[in-house]
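This briefing concerns the structure shown below.

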Amino acid sequence: MDSLTAGIILILLQVCIALVMAGVFFAAPTEKCTRYWALAGSYIALGVLIAILNSRHPRSFVLLSGGGLIMAGLIYQWHGILAFYKKQAPKWSWLICLAFLVSLGLALHLNVPMAERSILFSVFTLLLHILSFRAVWQGQNGPPQTFVQRLVQGAILLLMIGNVLKLWIAGVQICEAIPATRTTFDVVTTYVIPAAGTVLFSIGLLLLYFERTIEENRHLATHDELSKLLNRRAIVAAGERELDLSIRLQRSLTVAFIDIDLFKHFNDEFGHAAGDTVLAEVAAILQKTCRSIDLVGRYGGEEFLVILPGVDLNGAALIGQRLINAVRDYRFLGEHPVTISAGLATLPLDGNCSWAQLIRRADAALYEAKDMGRNRFCV
């Protein structure tokens, strides 16, 4: 493949990637990462177009423009990864682009040969790829766990290898005074590896974004947005599974119905936003107080349901008291006491109990706790 054909293919790939990234941005305009990636695709595509068209009769200003656009695109790519992982881009990041432009401008002013300028470009490109790789690694908190995460890191590594090879070629040309001819190896290193790496990297970023979107939607389908607990459908489904498992294994099981006492008072006196805060903070207390194997969900309104596998009648009393005490110590806005009432029901020893019956018994125990003055539990 000759360099002109390879260059045209690289330009077309960059333009297609820019259009795809722009489409993703328009589909999710509120996402900062998609905006950065759309800008990155556009800048890199335009920079590559300028660089390749200018290669026949290079002009200093055009070289600076093309190189600067590519560097800006790589910086936006890095910023998009940081935004994806909810991290702030460092304030000094644009100094990299400035340092590149100053260095390239000085090299052009001193008529530095193309091999040395290639080293300069490859060093800055490699630096930005290393920063992107580091952002992905830190964002995932260690080694990649999914295929998409491995794909993104593998694509960045391919781009880094391409830059290292470019540095090696330029070094050989300088040391042995070899003219910068376009051999097959040069074409592969200059065009094919960057094209493959860029396509894989861009596709990986999009898949990473869609993977997170799918996971968030799956989470929202089973969790309550306000309390962050399992929603009613999920906690009931989980409770029915635990009941079937407990009956089959002849294991103890307890369910707890919990209600925030006088919750309407908080809404009336402080507003619904305050009521939402109380709900969220009580939910966090319940989640923290329960064991890791327990299942906590928001049943509806100010009611919560807790599934306690392996807990018998004696254990139910201990857990009921622990939950009451944990919320009793909480103060809304640091001064207003909040209490709960709880009704707990355990699976009979013979296992002869349906989910609906177990829930009714827990609900009846809750009403008994309310009738006895609230801020207490009944089993």
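Lys 370 and Asp 261 are both buried, and their side chains form a salt bridge in which the closest N and O atoms are 2.9 Å apart. Because Lys 370 belongs to helix α12 and Asp 261 to the loop between β1 and α9 (263-270), this pair ties together parts that are 109 residues apart in sequence. The model is a predicted one.

**Salt bridges of Lys 370**

- Lys 370 also meets Asp 259 in a salt bridge, with an N to O distance of 2.5 Å.
- This second pair ties together parts 111 residues apart in sequence, because Lys 370 lies in helix α12 whereas Asp 259 lies in strand β1.
- Asp 259 is buried, as is Lys 370.
- In general, side chains of opposite charge can pair when their charged atoms come close.

**Other salt bridges**

- The count of salt bridges in the model comes to 9.
- One of them joins Arg 218 to Glu 215, whose closest N and O atoms are 2.7 Å apart.
- Arg 218 and Glu 215 are separated by about one helical turn, because they stand 3 residues apart in helix α7 (residues 184-222).
- Arg 218 has a relative accessibility of 48% and therefore counts as partly exposed.
- Glu 215, at 44% relative accessibility, likewise counts as partly exposed.
- A network of salt bridges links Glu 31, Arg 212 and Glu 216.

**The sheet**

- An open sheet is formed by 5 strands in the order β2-β3-β1-β6-β7, with mixed pairing.
- Strands β2 (295-300) and β7 (377-378) are the edge strands, each pairing on one side only.
- Strand β1 (residues 253-260) runs antiparallel to strand β3 (residues 303-309), and 7 bridges join the two.
- Within this pairing, Thr 254 stands opposite Leu 308 of β3.

**Helices packed on the sheet**

- Helix α8 (residues 232-249) packs on the sheet and touches β1, β2 and β3.
- The direction of helix α8 makes about 130 degrees with that of β2.
- Helix α12 (residues 355-371) also packs on the sheet, touching β1, β2, β3, β6 (340-346) and β7.
- The direction of helix α12 makes about 145 degrees with that of β6.

Notes. Residues numbered from 1 in each chain as written. Predicted model: local features only at pLDDT ≥ 70, side-chain atom pairs only at ≥ 80, totals over all residues. Heavy atoms only, no water. Pairing = 2+ DSSP bridges. Helix = DSSP H or I, 4+ residues; strand = E, 2+ residues; numbered from the N terminus. Contact = heavy atoms within 4.5 Å. Axes fitted to C-alpha atoms, helices over the stretch in contact; angles between N-to-C directions. Salt bridge = Lys/Arg side-chain N within 4 Å of Asp/Glu carboxyl O. Buried < 20%, exposed > 50% of the residue type's maximum accessible area, 1.4 Å probe, protein only.
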